[in-house]
Amino acid sequence: MAVKPHSLRVFSAGPNGGNPLRVILDAQNMSNKDMQALAKSQGYECCFIFPAPMDSRYDYAFRYYAPDQEMEMCGHATVGAVWLLSKLGMLLKDNLRISTKSGIVEATVSRVSGEEDEGIWVEVSQPSVKMLEKVERQDHIDEILSVLGISSDDLVPGLSIQNAATSRVKTLVPIKSVAALNGLAPQFDRVQSLCDTLGSTGLYPYAVSGLEDQIFEARQFPRGAGYQEDAATGIAASALAFGLLENGLVVDFEETVEVKQGFAMECPSEISVRFRETGGDIVGCWIGGSAVSDV
């Protein structure tokens, strides 16, 4: 069937920056097969928007497809799709509830006066970390190092490799410097098997860029999505924020954690993560960012 996707780049932090996204504004007549075929033909993640039933407690339903599979939740696709709805004047309010296969997520929209595309800022909710555990088996650690092409000397002393998830499990690997991070040359043909062993959906090595300002840089090597590296991964950034908190790298949890990604790909991106508090307890986080039209 003929549909017209809108092309965006989400979380852009410079020329050619951000993670490419295709958004289909009205997908209610598309089958699962149609959606998967479109994502494969586009070569990028696609977000398919469905209207909410009259008696529902949400505003839209989103479905997410990568070229090779459907995903329960996709952070950059949610931010980008809400940004597009706002840009096109299709939103009746700035606080939304969105149904996904991962559950209901909230989204908020704010605007900077006097700006156009870049003035629309979107935040998407994620729950508190539902999995956060150290990777302790030495054979698993050795395999991670081997796949990434590094040794234990390239890791930050005293910090653990972690499996963490707010939606999907990511394997967080603390690298000792940004230069070492950007110099990684993984054996991509081994990533899927390693992730299956770890119970993870992607390797997410990271390094400290500015500790006092809570700025970090990361790279994402997905288990299987139809591409080798991601320019910006909101779900991984949210998992990283909780891993950083556990590792003592969050100086002030009331301040934003900034995650830079995609610089090694020459697709500079930046993801903002804010912890959500209730009564002094952290109950989740907000993934924040903007988008630009990719024409």
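Glutamate 106 and arginine 276 form a salt bridge (a side-chain nitrogen of Lys or Arg within 4 Å of a carboxyl oxygen of Asp or Glu), their closest N and O atoms being 3.3 Å apart. This is a predicted model: local features need pLDDT of at least 70, side-chain atom pairs count only at pLDDT 80 or more, and totals for chains, interfaces and linings use all residues. Residues are numbered from 1 along each chain as its sequence is written, and side-chain values use heavy atoms, with hydrogens and water left out.

**Exercise 1.** Locate the domains and describe their interface.

*Solution.* 
- Start with the bounds, which come from an automatic or database domain assignment: domain 1 covers 6-125 and domain 2 covers 131-293.
- Next, take the centres over C-alpha atoms: 23 Å separate them.
- Then list contacts (heavy atoms within 4.5 Å): 37 residues of domain 1 touch 30 residues of domain 2.
- Last, find the buried area (accessible area, 1.4 Å probe, that two parts lose on being put together, summed over both). The two domains bury about 2,700 Å², with 52% of it on carbon and sulfur atoms. In domain 1, Phe11, Trp121 and Glu123 lose the most area to domain 2, together 23% of what that side buries.

**Exercise 2.** Count the salt bridges across the interface, then name the elements on the domain 1 side.

*Solution.* 
- The rule finds two salt bridges between domain 1 and domain 2.
- β1 (6-10), α2 (75-87), β7 (103-111) and β8 (120-127) each supply at least two residues of the domain 1 side. Helices (H or I, at least four residues) and strands (E, at least two) are DSSP runs, numbered from the N terminus.
- β8 gives the most, with six residues.
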